[in-house]
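This briefing sets out selected features of one protein model for use in computational work. The sequence and the structure are shown first, and the notes that follow are grouped by topic.

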Amino acid sequence: MIARPLLVLLCGAALPLAFAVPPARAEQPQQAERAGRTSASLAQGWRFHLGDVPDAQAATFDDRGWDAVALPHNWNSLGEYRTERSSGTRNTQGVGWYRLTLDGAGLARGKRRFLQFDGVGNVADIWVNGVHVGRHAGAFSRFRLDVTDALRPGAANMIAIRADNSKPAPGSSTEHVIPLLGDFFIHGGIYRGVSLISVAPEHFDLLDHGGPGLYARTASITGDNAAIEVRARLRNARDKTRRLTLATQIRDAGGAVVAEDRRVVRLAGNAAQEFDQALRVANPRLWNGRADPYLYSVTAELRDGARVLDRVTQPLGIRSFRIDPEQGFFLNSKHLPLHGVSRHQDWLNKGWALTREDHERDMALIAEMGANTVRFAHYQHAPEWFELADRAGMIVWAELPFVNKVGFTDAPAAPELVANAREQLRELIRQNYNHPSVVTWGIGNEVDIDMAFGRLGPKADARPLLKELHALSKAEDPDRPTVIADCCEDTPADKPDYLPVLSGSADLMGYNRYFGWYYGQPRDFGPHMDALHAKHPSIPLSVSEYGAGGALSQHSDNPQGGPINTSGRPHPEEFQSWWHEQSWPQLAQRRYLWANWIWNMFDFSSNIRQEGDATDINDKGLVSFDRTVKKDAFYYYKAQWSTEPVVHITGRRYVDRAYPVTDLRIYSNAAQVRVALNGRDLGAVPCPERVCVMKDVALDTGANRLTATADFDGKAVADAVDWNAPDAAGGVEINVGDLAGFVTPDGRRTGSDNWFDGGTPRRLGKAQTEKVTGADARLLSGYREGRFGYSIPLPDGRWNVTLLMMEPQEKPTTARVFDVTANGRTVLRAFDPVKAAGGALRASAQSFDVVVKGGRLDLRFVPQRGDAVLSAITIRPAEVAR
């Protein structure tokens, strides 16, 4: 690799994939014959069997009973939007076999043959005609095998692949293959493309850890030229030395040659050698992120006289960047605040077996939202994805799959795991060195989390391996900084004293932080980052993950009405949106953060998750697992980041409303929006921080169409939602201390906690909930305690109010005594819930009539001794209640 300080990187392109060539026919050229290299896709004609089979590698093995499949293919597909796992879940971890009969009639003699695999999960063994030709450990990187001696030109050839995605465990086949653990699922199979490459014995090295054999960097950029250094790694498979010509050209996007060089090279027999060339591009047009992702191309040819033996083309983006611990990220000497998302590569019902169109859809959604950076979590993504990032102008954090821990016992990383991690990092860098979008190599993600939870002891310290990976990255590519994503430094949780501090183990730091989700409150986020910045003033800091779950079918009338059950249900979509509204402004105002990445762009599979309205899905995505639904939080960020006009009414999937009065929330990058309800103008509402709120909108009984319209330079942009609302004259039922409501068997709709002020919402544990008596346990599982009140919108008239109260502590240490007032009148005095119900965890219903004037009922809960407590409020017309 070229080892000098980086100002710019080339963008490399993998060999193109094709999925529609005649099955099992070799030598289907995808490049011009004069280039000397052909690449034939091997997408069709495969046989597959799930499970290990003796002797399946033998050329004479009978596979006629196996399934016929095409590539890409994986045998896993998990993740469902339902609360129980169905029979359709395919979560098998183990061995799968693939076999392909390759017709060698088209294999010309005198060529070298290489099998190229773009991704096999997780360990792959390959045989050709019964001969074991190689093994690769790691699910995410490209690898090639020289199969020249095993293939038989003019005859039928049998290719057999044994893929193994066994769960990592002591003694397993994947015990020393990273990642050992993670909040994502390792899919099994040949889930990316396979091709057969034929090339002259003298060629750009195809055995350079899956790399292109052509690497380039920009040595300098001035106002009128850029100095480009190109390194070619050439291999001569003949026994004798060869004297050849290396010719290199740089072309602009229109195809015109803007720089060229040629030199004579002497290639020793049976060896690989590196050769450097220096070129200059006059008046370069810079690769400038999303503003102008301009790409040149570099083409290098190896010639024997006039005959082209081999040719490789790589895109080239000319750009410089720097990262400052106080000022953040700079692209081409200009400050560029980076805001974006992380992305996992799986799709609902497809697993990892994605097409180019799938990748293009993902990138289009990310670009639509206005993001300018993507973290490729937590592994090397597909060649197409890197190419799309270059062309979209995204700034990329590319990542090694070193996640969670170094092993299964309180011991340092095993030598075999260290070797595997080193090879996967080398593959990541070699294969993606030429992408201008990539600015940093991630060498670890939450590698100390098992130590943080006390599952591993102090000897399982990841820092020695991080140090080794950092050094390797610098040796491979000294121009790009390394980065680590940390889970646990100074977070509010009990952690072992031996937990190491990872900051300083890489050039840059990323912090995965979830204030207001797993711990703390959203308001703690910014101060926490300030403290880390003060602690590590010389290290550029970023937020590598932040996010909250959002279920499309679960809703809340007020996302602050109860504690979120992060590892269970529900995950109201409205809570996710509110959480991001609280978090993003804190990050946006801290310039020292060089980047911020939302976790995650898309819902993704994880077999440890039973949360929200899903099974085997992490629901923190801004877009659904199948990419069909953009959650409200997607539009929050689109309003923040995009220059396109945005008007989006939130809560559109909460169609059947529990309450007849609601706050209307709209995301827009307009100064104001105008609201109408069933054709009636409700007026305009301003949009501070691009969030427009109209309080206490009284819905009509039954169907409601709400529209929001904003003016953008004389053009009206509108959005509309359709909701159904109950009759306000029927009253309300409030599930106090809970984020969600429910519908009773007799059809009564209970809403989530709303219209409160003060107090603290809490939930009972599962064991306590099973012991409650006196009312529906769903009403009693949440409660509010402290000094608090409610201001509930109601039509004027006489109402009957029933308060459901219960002592939530099974063995209370002190008695609770409190008063309750309604519109200033004391309706309960010195109330003791234990005395009233005859014990703890028993509900007591207290009813009284009130007269409402001015459209609101005011309830106050005033402690006399201990905290006041409340589980539910039911308000019905007085005459009905009687």
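This is a predicted model: local features need pLDDT of at least 70, side-chain atom pairs count only at pLDDT 80 or more; totals for chains, interfaces and linings use all residues.

Which element gives the largest share of the lining of the second largest pocket? That element is E36, which supplies 5 residues.

**Second largest pocket**

- The volume of the second largest pocket is about 650 Å³.
- Its lining comprises 30 residues, and those nearest the centre are Asp557, Asn558, Pro559, Asp663 and Arg665.
- Two or more lining residues come from each of helix H7 (573–588), strand E36 (661–668), strand E39 (691–698) and strand E45 (756–763).
- Sorted by class, the lining of the second largest pocket holds 11 nonpolar, 8 polar and 11 charged residues.

**Largest pocket**

- The lining of the largest pocket divides into 16 nonpolar, 8 polar and 9 charged residues.

**Four-stranded sheet**

- An open sheet is built from 4 strands in the order E2-E11-E6-E9, with antiparallel pairing.
- Strand E2 (38–41) and strand E9 (143–146) are at the edges; each has a single partner strand, so one side of each has no neighbour in the sheet.
- From one strand to the next, the twist averages 25°.
- Strand E6 (residues 112–117) and E9 run antiparallel and are joined by 4 bridges.
- Gln116 has Arg144 of E9 standing opposite.

**Three-stranded sheet**

- A further open sheet consists of 3 strands ordered E22-E23-E24, and the pairing is antiparallel.
- Its edge strands, strand E22 (321–324) and strand E24 (334–335), each pair on one side only.
- E22 and E23 run antiparallel and share 4 bridges, and Arg322 stands opposite Phe330 in E23.
- The hairpin that joins E22 to E23 passes through 3 residues.
- Strand E23 (residues 328–331) pairs with E24 in the antiparallel sense over 2 bridges, and Leu331 has Lys334 in E24 as its bridge partner.
- The hairpin of E23 and E24 has 2 residues between the strands, and Asn332 in this hairpin takes a positive phi near 50°.

**Helix pair**

- In general, a pair of packed helices is described by the angle and the distance between their axes.
- What is the crossing angle between the axes of helix H1 and helix H8? The axes of helix H1 (residues 356–369) and helix H8 (residues 632–641) cross at roughly 55° and come within 7 Å.
- H1 is therefore oblique to H8.
- On the H1 side, the contact is made by Leu365, Glu368 and Met369; on the H8 side, by Phe634, Tyr637, Lys638 and Trp641.
- The contact of H1 with H8 has 5 nonpolar residues, 2 charged residues and no polar residues.

**Backbone features in loops**

- Gly121 and Asn122 are joined by a cis peptide bond with omega of about 0°.
- Asn122 is placed in the loop between E6 and strand E7 (123–128); E6 also takes part in the four-stranded sheet, in the order E2-E11-E6-E9.
- A cis peptide bond also joins Arg569 and Pro570, with omega of about 0°.
- Pro570 has its place in the loop between strand E31 (541–545) and H7; H7 is one of the elements that give two or more residues to the lining of the second largest pocket.
- Asp490, a residue other than glycine, has a positive phi near 60°.
- The loop that holds Asp490 lies between strand E29 (482–486) and strand E30 (508–512).

Methods
Residues are numbered from 1 along each chain as its sequence is written. Side-chain values use heavy atoms; hydrogens and water are left out. Two strands pair if DSSP finds at least two bridges between them. Axes are lines fitted to C-alpha atoms, for helices over the stretch in contact, and angles run from 0 to 180 degrees between N-to-C directions. Ala, Val, Leu, Ile, Met, Phe, Trp, Tyr, Cys and Pro count as nonpolar, Asp, Glu, Lys and Arg as charged, and the others, Gly among them, as polar. On a 1 Å grid over the protein atoms alone, a cavity is a set of points where a 1.4 Å probe fits but cannot get out, and a pocket is an open set with protein on both sides within 12 Å along at least five of seven lines; lining residues have an atom within 4 Å of a point. Grid points are joined across faces, edges and corners, and a volume is the space filled by probe spheres set on the points. Angles under 35 degrees count as roughly parallel, over 145 as roughly antiparallel, 65 to 115 as roughly perpendicular and the rest as oblique. Contact means heavy atoms within 4.5 Å.
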